[in-house]
Amino acid sequence: MASLAGTAAVQWGQAAMASQQGGSKKRSKRLCCSAKTAAAAKSGVNLMRQQIAGEPLRLQQVGNVCYHRNLSTGIVRCTLATEEPPRAKEEPKFTVRTDVRNIAIIAHVDHGKTTLVDAMLRQAKVFRDNQAVQERIMDSNALERERGITILSKNTAIRYKGTKINIIDTPGHSDFGGEVERVLNMVDGVLLLVDSVEGPMPQTRFVLKKALQLGHSVVVVVNKVDRPSARPEYVVNTTFELFIELNATDEQCDFQVVYASGIHGKAGLEPNGLADDLEPLFEAVLRCVPEPRVDLEGPLQMLITNLDYDEHKGRIAIGRVHAGRMRRGLDVKICTPDGACRPARVSELFEYDNFIRVPAEVVEAGDICALSGISDVLIGETLADKNDGTALPTITVEEPTVRMSFSVNTSPFAGREGKYVTSRNLRDRLYRELERNLAMKVTDGETADTFVVSGRGTLHITILIENMRREGYEFMIGPPQVINREVKGKKHEPYEDAIVEVPENYVGAIVDMLGKRRGQMLDMQAAGMENTTVVKYRMPTRGLLGLRNAMLTASRGTAVLNTVFHGYGEWAGEISTREQGSLVAFETGTSTSYALFSCQERGNLFLSPGVEVYKGQIIGIHQRPGDLSLNACKRKAATNVRSNKEATVVLASPIDFSLDDCVEYIQEDELVEVTPLSVRMCKNPKMLKKGR
């Protein structure tokens, strides 16, 4: 439809066509409307254009007047000949791009996603033959390499037989499910990795549910088929049952199965017939993942799904071009779903090719690109054509279930080690985290120096804490608390499905522990591994706080716990998560062997001799319920009597608690002090127990 701005049209009328028979020839009599003034013409322009648009019209011109005859009704309308007649809105012309595939690799934690991507990169000849390449090259973050898990989603691309395959490696831990939800908007299909022994696990269900809801096609990859206890047929059957439970369509249930060994770089369509390379997997991707169907000639639309930062280029926005073409130096507008827009300009444009970002002049719809020059763009916003662009639906992720309080460090040792110690520093850093971490929320606390951070789980928040600690921040954190809801006047709390793999010898201790924490058993069965039992429980999230360490202690380090969010249910009642109290220092000073020797009789200590402690610091675990104050700085009295031999002091090895262990250990009246060099626990002076 032509623009209405600055147009003029004659005031229009209508009349039925009168047919006149003249010999064997029909002649049409045109009935024209008045065209006296331009003002009268403008008054009816909106109504005229609405009625003309979309109707089957024949255009005839006499003088400066255009006559539009409706072929179906015989009605004549007219406009000035100087104006373009209104046109119906053109339907977008979709183009299928056969040269691009966009896939995400999703799976449960430790099922081999990043290792498989390594093999795909090597076999696509991304690296030189003599190039030294580290393992799990996609896990570039320092924390990821230390912990051996993927935390952030990352993009790369390879080329196979002339087709560019954009690959997104995603986290497998349930606490980072927001990363998976965020990037699934960029792809047309997914590779679902399933361990050949364990089968579908809790996070497998979560990520598959999200992919099926978006209508993505799925290629199931049964990984690690070279394990001695592999049971690929059982895994495929249970995966199919999972598809049925998640209400997958008939087309989605008819998935392609590929068997692979990611660490050896082999794949095949039969578990006992693996090829020498991953060619069957590449062929399955080209065959089963649909090509992008896009509108190349339409107005530009690009949804921002990730952010990166470069010291020289500044903020880098990453996303998929959904329509039109993105060009270097293009003027665009940034749109949000609420209709607000602001202008911007793209300074540099990059595309992913063979594991690196390469400069590009143009990126067409259906491909994934990165761009710089827009310092205020956020995840979920749309880069659109500056004239006709509209916003795409924003990215939505599930709500957080656990929260923790962050506050300024108030301990006697505050300010000794940290670079950023004020509430302003803390506030700026927490709110900056929200720019790329969609699953996290930050709100102001009860006081000016307290902030409440909400996330998917304790690991989700402790990763943020560890990153801030390494950046030089110093602060204190409170114990994790679940986020409850009020439903029809009743208190509801989050529930999770917990799956524990444990040797048969320790099943009794684990079942007893889960039962005390209000867990309800859903299933118990023998796993494919020898003497291993898998128990499945549904229990409140409160019951999972501090469970991992207690479970490892009860099973001598052999139990494996996996959880995934299930939903909200009624309040389960009180839960005792810790039976033992804490040993607390009642004096500030330096710990001594003489004092610790008598302290260790009261419980297990966290300290070694020669460590500075302050009043109120937690120095150990009491062997009985309730807290106990001790003097860890007492020195042996000096006398003028010389002994032939000093008594030998034998101290037990102290317990070395990591940041995650401290977060799981503390209760409501306790805090964790986090500094770049130290992690300490202390009693909250504002919430001292009445019993002390």
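**Close-up views of a predicted model**

**Figure 1. Strands 16 and 23 in an antiparallel pair.** Strand 16 (residues 314-323) and strand 23 (residues 368-372) run antiparallel and are joined by five bridges. One of the residues to look for is I318, whose bridge partner in strand 23 is A370. The model shown here and in the other views is predicted.

Figure 2. Strands of a sheet pair through backbone hydrogen bonds, in either a parallel or an antiparallel arrangement.

Figure 3. R345 forms a salt bridge with D331, with 2.9 Å between the closest N and O atoms. Because R345 lies in strand 19 and D331 in strand 18 (residues 331-335), this pair ties together parts that are 14 residues apart in sequence. R345 is partly exposed, at 48% relative accessibility, and D331 is also partly exposed, with a relative accessible area of 33%. In the second salt bridge, the side chains of R342 and D376 meet at 3.0 Å, N to O. R342 lies in strand 19 and D376 in the loop between strand 23 and strand 24 (382-385), so the pair ties together parts that are 34 residues apart in sequence. R342 has a relative accessible area of 25% and counts as partly exposed; D376 is partly exposed at 39%.

Figure 4. E493 and R542 form a salt bridge in which the closest N and O atoms are 2.5 Å apart. E493 is in strand 31 (residues 490-503) and R542 in helix 13 (residues 541-544), so that distant parts of the chain, 49 residues apart, are linked. Both E493 and R542 are buried. The whole structure has 39 salt bridges.

Figure 5. Strand 7 (residues 100-107) pairs with strand 10 (residues 189-195) in the parallel sense, over five bridges. Among the residues of this pair, I105 has L191 in strand 10 as its bridge partner.

**Figure 6. The largest pocket and its lining.** The largest pocket has a volume of about 1400 Å³. Its lining consists of 41 residues, and R517, L545, T577, R578 and Q667 lie nearest the centre. Two or more lining residues come from each of strand 29 (481-482), helix 12 (507-516), helix 14 (547-554), strand 37 (603-605), strand 39 (618-622) and helix 16 (659-665). Helix 12 gives the most, with four residues. Sorted by class, the lining has 16 nonpolar, 13 polar and 12 charged residues.

Key:
Residues numbered from 1 in each chain as written. Predicted model: local features only at pLDDT ≥ 70, side-chain atom pairs only at ≥ 80, totals over all residues. Heavy atoms only, no water. Pairing = 2+ DSSP bridges. 1 Å grid on protein atoms, 1.4 Å probe; cavity = no way out; pocket = protein on both sides within 12 Å on 5 of 7 lines; lining within 4 Å. Points joined across faces, edges and corners; volume = space filled by probe spheres on them. Nonpolar A, V, L, I, M, F, W, Y, C, P; charged D, E, K, R; others polar. Salt bridge = Lys/Arg side-chain N within 4 Å of Asp/Glu carboxyl O. Buried < 20%, exposed > 50% of the residue type's maximum accessible area, 1.4 Å probe, protein only.
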